[in-house]
Amino acid sequence: MQFEWHTAGPDQVLEGLDSSAHGLNAREVEKRRGEHGANCLTPPQKQHAFVRFLSQFNNILIYVLIVAGAVTAALNHWVDAWVIFGVVVLNALIGYIQEGKAEKAMDALKGMLSPQALVRRDGRTGQINAETLVPGDIVLLQSGDKVPADLRLLNVKDLKVDESILTGESVPVEKTMDPVQPDAPLGDRYCMAFSGTLVTYGKAEGVVCAIGDRTEIGRISSMLAKVQTLQTPLLRRVEEFGRTLTFLIVALSVFLFMFGFFFRGYGALEMFNATVGLAVAAIPEGLPAIMTITLAIGVQAMARRRSIIRRLPAVETLGSVSVICSDKTGTLTRNEMTVRSVSVNEKDFQVTGSGYDPHGAFILGEQEVDLAEHPDVRLLGHIALLCNDAELENKDGAWVLSGDPTEGALAALGMKAGYDAVAVREEWPRIDLIPFESEHRFMATLHHNHTGKAFFYLKGAPEAVFDRCSSVHSGEQELSFDRDIWENRARDMAGRGERVLAVACKRVTMEHTALRFSDVEGGLTLIGIIGMIDPPREEAVEAVARCQAAGIRVKMITGDHVDTARAIGKMTGIGEGRQALTGQEIEVMDDAELMRRVDEVDVFARSSPGHKLRLVKALQASGNVVAMTGDGVNDAPALKRADVGIAMGLKGTEVSKEAAEMVLTDDNFATIANAVEQGRTVYDNLKKSILFVLPTNGGEALSILFAVMLGSTLPITAVQILWVNMVTAVTLALTLAFEEAESNVMQRKPRKQTEPLLSRFIVWRIMYVSLILVTGTFGLFLWYEEMGYPHETARTVAVNTLVLFEIFYLFSARFFVRSAFSINGLLGNRYVLYASALLVLLQVLFTYVPFMQRIFDTTPLELDQWLVILVVSSTVLFFVEVEKFVRRRFFGGEEHMS
Ligand code: ATP
């Protein structure tokens, strides 16, 4: 029988799991991993390969082809029928392979976001991949974490967990350590934290009692397994378009049949052939597969540039983003904090040193000082070190931080002030704490030393700390606290772009063994304030400028002081010369006023996650498409609400990642700009493949239509059409998926979300190129017929003309309106060159190999015929380039593409 962990006390559970609060040692971990395996859920069973293959046929375009094939077979045209069926199967095969590739790409992305867990092993705490957890491991939880396995809680500090994934209950559950009844339902097992649930508040420690499939979530995981669908709004629109097109084609075919039969005197048999030809000509059967693979290639390219797409539609939305709201710390700045200045009663010191290296001096005026003469600064350093969770470690000469950078800077300060971190923490053990949260902006700890002294220590944003102070520490005395003076000093620091923290304390008796909010409401003594710098990332400054050139407004939303925010804004080019708003000001505005103001303000300071949500809503209400970054658990609602929620891969909580559409693996603003560029490129490439594929179908369909209208022989047969569609789809059209961004992609305004897929520009270009193609193809066919060549030769000329048209058009199709006549234009995409060469080879086989001649009714061509074909087909390049020139010259180029 399985041990009922929730019914036992912590010690009993630890004993049962043969573990201790110290954690397991490496050997034990290794052994248990061998016994229990990895902490991951067995992936859901994929559809059987054959079923997936069959599903490729479930497409209205393919149905029409199958009917066409059946009609052809019924007419005893077996070769044609086999070619049609062959194409149907080949198409399904290509779709199947490409879909598989695209799915693999998505799976790989999922793997890149594997969750982490904070564990204690052998007394040391560190992050590990959650998959490597074993039963008996001690896991530390904090707000924003996703619980990595089923845990029996050993130690709980205000822990609240959202268990809706398991119980459906959306209100977070408060956890305790007390055992519960054996038959308590999951939702009432307050001493357990279940894998997959989300910590929304507080901290805790627990011991792993079940992993992988043996967790509660594992038992029901098959119900939850979500298969990533490769569908996005754009692809859905393409599919809809495909359906509409099919109906049109069927209607047109019926019309054609009637027309030919009744008005042109064709026989029924001949008209069947023509109708089948029309249907297969007009159907862009390769298009859906091309679009899917283009999207997948785009998503892979994004992952290489450090942005991982969690929900595919975000790729398209990225291209129409008009506002990016970014956090400051770590995204626009490096998140490498170093204390630069310290102010204690009436004295301002500069602090030297770099990074987290705890070596540096204190300068007063121009002089380095001995801190023995400045006990206030020593005390500041002492508290900075104790009211702190960060650890600095010297690894091979470099100082490495584990923990929060703000706290890392404070720890380095404490060490510069002459303290040994380990010794101080041993001498002043921490009895309790109130953890830092962006909402209240401070952290407080309670310490007892071994000589019977007890203190509350508090550090946080100056306003939060000043609110609680009634005196100031100065040497041995306590003076009254003059808030104005201290606010001015804090403002001076913030004006230099420094993040400011104030430090305070309160002496209490040893009877105090718990720390509550009410304990630090007031009566504290201010020790001093500390200013730390966090330089902007150079690449972020450049990326902000790039976004602004692309018509995207960049807004900074930060918890920092308004002056710090403004100063950093100035360094990064955000909101210069404009007003800034603070959280307090937002609070007193109603939604209508916020909506009015939100456009003119770029810097939002002292804002908390709740404000982010209101800002997103206000920006959306004024017609913006909003990308919003976030990392904390409370950012999740804003991330969900934003059009593109962006979570931080490094410092972001699991909760924020779950809510986001996209995750940055380097937390860098420049990566967002790159993702926008990539998103625009992917959308462009999807449009380019439509622009490329549809004129082929248009040209072919028109050839048949005109032929019937004019009462001429068909210039190209159904099987030849299928050949052309197939070979061009697998060679030429796919190359556009690899097309790099156009050089002006970040100089265009964001795409309007309402812009239709088939914009006027696209429809026009499709018609224009279709007409060029039909004129050349049909024209040459008629000319050769006129000269008395057999139908077969005239058709071979027509087919080769069509294919070469495609090759030439591809060079043009790489750019919407920019000229293709440049080195990059002609040679820039090597896939275009490979595919063209391959296609030429295929056409040679098509024309000269006897077996092909039999299937496709082709005849060999002479050199002069090839020259004619070459001259005629190359005209498409010139005609389209002339059209582009006119568009650039007289119609404002891409500005008027829609
Ligand atoms: P950004 O939006 O720029 O990334 P943020 O929203 O993360 O910044 P917070 O971390 O909420 O900003 O910090 C807000 C303020 O709280 C800081 O200006 C600082 O004064 C204070 N603060 C930050 N970290 C801590 C901490 N660990 N302990 C106490 N106070 C802190």
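What you see is a predicted model, in which local features need a pLDDT of at least 70 and side-chain atom pairs count only at pLDDT 80 or more, while totals for chains, interfaces and linings use all residues. Residues are numbered from 1 along each chain as its sequence is written, and side-chain values use heavy atoms, with hydrogens and water left out.

The protein chain has 32 helices and 28 strands, where helices (H or I, at least four residues) and strands (E, at least two) are DSSP runs numbered from the N terminus. Along its principal axes, the C-alpha trace spans about 115 × 70 × 55 Å. Of the 898 residues in the protein chain, 57% are buried; buried means under 20% relative accessible area, exposed means over 50%, and partly exposed lies in between, with a 1.4 Å probe and protein chains only. If we take the contacts between residues at least 6 apart in sequence, 72% of them join residues at least 24 apart, a contact being heavy atoms within 4.5 Å.

Now to the charged side chains. How many salt bridges does the count come to? The count is 41, with a salt bridge defined as a side-chain nitrogen of Lys or Arg within 4 Å of a carboxyl oxygen of Asp or Glu.

One of them joins Lys146 to Glu658, with the closest N and O atoms 2.6 Å apart. This pair links distant parts of the chain, since Lys146 sits in the loop between strand 3 (138-142) and strand 4 (150-162), whereas Glu658 belongs to helix 24 (residues 654-659), 512 residues apart. Lys146 counts as partly exposed because its relative accessibility is 25%, and Glu658 is likewise partly exposed, at 32%.

A second pair is Arg496 and Glu498, whose closest N and O atoms are 3.3 Å apart. Are these partners buried or exposed, or something in between? Arg496 is partly exposed, at 45% relative accessibility, but Glu498 is buried, with a relative accessible area of 4%.

Let me finish with two residues, taken one at a time.

Asn668 lies in the loop between strand 28 (662-664) and helix 25 (669-710), and it is buried, with a relative accessible area of 5%. The side chain of Asn668 reaches the backbone nitrogen of Ala670 at 2.9 Å. Not counting residues up to four places away in sequence, Asn668 touches Thr331, Arg537, Glu539 and Ala540.

Where is Met291 placed? Met291 is in helix 11 (residues 287-304), and it counts as buried because its relative accessibility is 0%. Leaving aside neighbours within four places in sequence, Met291 is in contact with Leu235, Val238, Leu686, Ser689 and Ile690. Met291 and Leu234 are 57 residues apart in sequence, while their C-alpha atoms are 9.3 Å apart in space.

Key:
A polar contact is a pair of N or O atoms within 3.5 Å; within protein, one must be able to donate a hydrogen and the other to accept it, and residues adjacent in sequence count only if both atoms are side-chain atoms.
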